[in-house]
Amino acid sequence: MAAERLQASGIMESSLHLSIGQEAVATGVCDVLRRSDLIATTHRGHGHCIAKGGELAPMMGELFAKSGGYCGGKSGSMHIADPASGILGANAIVGAGIPIALGAALAFQQRGQDDVAVAFFGEGAVAEGVFHESLNIAALWKLPILFVCENNGYAEMTPASIHLASTDVAAFGTPYGIPAASVDGNDVLVVRAAAERAVSQARDGAGPALLQAMTYRWRGHYQGDPETYRSREEVEEWRERDPLARLRAAFPEAADHFDALDQAAAQAVTAAVEKARSWPDAEAAALTEHVYAASA
Amino acid sequence: MKSLKYWQSINLALLEEMRRDERVIVLGEDVGLPGGPFGATRGLQKEFGPGRVRDTPISEAAIVGLALGSSMSGLRPVVEIMFMDFITLAMDQLVNQAAKTAYMSNGSYAAPMVVRTLAGTHLKSGPQHSQALEAWIAAVPGLKVVWPSTPADARSLLKAAIRDPGPVVVIESASLYTSRGEVNVDSDDVAVIGQAAVRRSGGAVTLVSWGGAMARTLAAAEILAGQGIEAEVIDVRSVSPLDHQAIGSSIRRTGHLVVVQDANGPCSVGSEIIATAASRYFADLAAGPSLLCPPFAPVPSTPGLQTSYFPSPDAIAAQVASQLSRPTENQ
């Protein structure tokens, strides 16, 4: 939300694809992961990166095109990557992270590790061929990967019913023999439980699983999107199912604790913004750095 | 030294690198049990097992993405795309993903992967099994492309590609698969990517080529020698990065440049070589350079048509003779 305000006021120039409203999926899944598990995420990946352990200052630094950003300020919001936190990267190409996460799972299997890979994607990605190719290979080779579909009902500006013959993404597990579940993506405890089951089975060598989490994004596809494709009533309806509010409501005795967490989070973000803005801008000399990988 | 066929050298390189480094794995269609459609991966699955040598479904996008993800996670995959024409199905993972992995992560990730593929083949398989698309890959920052024309280079360039810290596309010529050459099997011969080789010395003209067209270029040089014209033949070996300096040094001695390729002309590697030479080495050129390439049409499948499609030794020799007899600026 800080990024949203900063971009709106012209202070930040990065393009933004916000995941406000979808917090429970990122948090519920990442809470059961280790640092050494690897995730691949989408153009709408800020939430996943934070939940996986990405640090706020380098994330903000990337949005502000600062040299201290995760990608030296050269890649922007859609490509945040951090090996230390186990983030393979956000990705601007719909569906592209799926086979990449699959490759990480292959490496784990090859080395006999019990780490797992997680591919986050939206229901729009289900229409990409590479989604099906990846499920097929994951099933054939029993790779330790969790495919997590955040079904927020819209691929860019188009509702799911227009672009998916089966809007129930969990059904796509069946042709490949991949166990699948569909959960309320705005209930963080339910998401967490489903993820924990799938991840522990994958660690035991059971192979892939598919999890569909039904959720909603509060903002447009991108910041600046006029959102002519959905009604304000629909947005309001989903705002009433705010995952954060629901968690609070489930534990009324912990109200003070939640307040403290909210405050700490706000402070952390403010501090991250300040720190990021204090860094130097990405330099022109950096333009041609890392085009080729350096020798080991 | 041992006389090996081109495909045997590829096989040897894979064997050596897989023995040397347990992170090296092989993926592709028909690579495991069948040993590859042309024998390049023969015997590998038997020695290293089905975990390290995997037969994949026909899913070019996913298998290149898989290779990328596994290379970001510590493996050194060598993925085979059976015919270069099929690389089109993997272009997102190659161009948008692998090529940019190091750049987009500011060096915190690398993609040490190899894509091996057969191109510019002279099989009778027609327009969708014969293309030389090296220009498409060479045009992308972050990707290296090599194309061996001898068995020794097939081994040394593949070894270099496997050991390279980034993504390398190794193009192989089916037309050269059974050609023989001397290979120094007792030495760990690893080429330097970006370094051309002078195959033949001469002072009259610089002939530049690579891959499958090399053999015909060398044959043209023999025809020219019979006419008293000694050609210098340069094998670029590395399509990207290109060794412009080697070409420039040669032009300084010969004053003439003729490039021979099996790929279509417009926006090609040959065009790139000529454009660079014309701007950097203009003062050394006695005449305008030439590009010998097929007509701007897809590759036909009939053998007879193919012979007139790809630049032949006679056509190459005729072009050189014509270029050398052109009036120069200074006359």
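User: Which conventions apply to the numbering and to the model?

Analyst: Residues are numbered from 1 along each chain as its sequence is written, while chains are lettered from A and ligands numbered from 1 in the order in which they are written. This is a predicted model, in which local features need pLDDT of at least 70 and side-chain atom pairs count only at pLDDT 80 or more, whereas totals for chains, interfaces and linings use all residues.

User: Which domains does the assignment of chain B give?

Analyst: Domain bounds come from an automatic or database domain assignment. For chain B, domain 1 covers 2-183 and domain 2 covers 197-324. Taken over C-alpha atoms, the centres of domain 1 of chain B and domain 2 of chain B are separated by 26 Å. The contact between them draws 25 residues from domain 1 of chain B and 20 residues from domain 2 of chain B; two residues are in contact if their C-beta atoms, placed from the backbone, lie within 7 Å.

User: Which elements give two or more residues to the side of domain 1 of chain B that touches domain 2 of chain B?

Analyst: Helices (H or I, at least four residues) and strands (E, at least two) are DSSP runs, numbered from the N terminus. The elements in question are helix 6 (134-138), strand 6 (144-146), helix 7 (151-163) and strand 7 (168-173) of chain B. By residue class, this side of domain 1 of chain B holds 12 nonpolar, 9 polar and 4 charged residues. Here Ala, Val, Leu, Ile, Met, Phe, Trp, Tyr, Cys and Pro count as nonpolar, Asp, Glu, Lys and Arg as charged, and the others, Gly among them, as polar.

User: How is a sheet to be read?

Analyst: Strands of a sheet pair through backbone hydrogen bonds, either parallel or antiparallel. Two strands are said to pair if DSSP finds at least two bridges between them. In chain B, an open sheet of 7 strands has the order 3-2-4-5-7-6-12, with mixed pairing. Strand 3 (53-55) and strand 12 (238-240) of chain B each have a single partner strand, so one side of each has no neighbour in the sheet. Within this sheet, strand 5 (residues 114-119) of chain B runs parallel to strand 7 of chain B, joined by 6 bridges; Thr117(B) has Ile171(B) as its bridge partner in strand 7 of chain B.

User: What is the order of the open sheet of 5 strands in chain B?

Analyst: The order is 9-11-10-13-14, and the pairing is mixed. Strand 9 (197-200) and strand 14 (290-292) of chain B are the edge strands, pairing on one side only. Strand 13 of chain B pairs with strand 14 of chain B in the parallel sense over 3 bridges, and Val260(B) stands opposite Leu292(B) in strand 14 of chain B.

User: Why is His244(B) classed as partly exposed?

Analyst: His244(B) is partly exposed because it has 16 other C-beta atoms within 10 Å. His244(B) belongs to helix 9 of chain B. Apart from neighbours within four places in sequence, His244(B) is in contact with Thr276(B) and Arg280(B).

User: How many residues does each chain give to the contact between chain B and chain A?

Analyst: Chain B gives 36 residues and chain A gives 35 residues. On the side of chain B that touches chain A, the largest share, 9 residues, comes from helix 3 of chain B. The residues on that side of chain B divide into 18 nonpolar, 17 polar and 1 charged.

Notes
Buried ≥ 20, exposed ≤ 12 C-beta atoms within 10 Å, placed from the backbone.
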